[in-house]
Amino acid sequence: MKNGPFHEHSPMLYDISGVMEWSKVNSGMLKMYHAEVLKKFPVVQHLPFGSLLPFEEEKLEAQNQT
């Protein structure tokens, strides 16, 4: 459990708690989700290739040559 003033350890929740209409909270959270999750470029590292996700280099090379 966090100790200390609420506005210090959870500033975003503190700001949201002062909003009079939940529709504003909802629209703001959707905008934040869109910016922070959907607009991010995914980077994949250490992805194991195998029978479920095969790496077919020959097909990629053939597509690049055409």
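**The whole chain**

Begin with the protein chain as a whole, which reads α-α-α-α along the sequence and comprises 4 helices and 0 strands, where helices (H or I, at least four residues) and strands (E, at least two) are DSSP runs numbered from the N terminus. This is a predicted model, in which local features need pLDDT of at least 70 and side-chain atom pairs count only at pLDDT 80 or more, while totals for chains, interfaces and linings use all residues. Residues are numbered from 1 along each chain as its sequence is written, and side-chain values use heavy atoms, with hydrogens and water left out.

Next, colour by pLDDT, the predictor's confidence in each residue from 0 to 100: the protein chain averages 78, and 74% of the residues score at least 70.

Of the 66 residues of the protein chain, 5% count as buried, meaning under 20% relative accessible area, whereas exposed means over 50% and partly exposed lies in between (1.4 Å probe, protein chains only).

Select Tyr 14 in helix H2 (residues 11-17), a partly exposed residue with a relative accessible area of 43%.

Now select Lys 40 and Glu 36, which form a salt bridge with their closest N and O atoms 3.8 Å apart; the term requires a side-chain nitrogen of Lys or Arg within 4 Å of a carboxyl oxygen of Asp or Glu. A search of the whole structure finds 1 salt bridge. Lys 40 is partly exposed at 48% relative accessible area, and Glu 36 is likewise partly exposed, at 49%.
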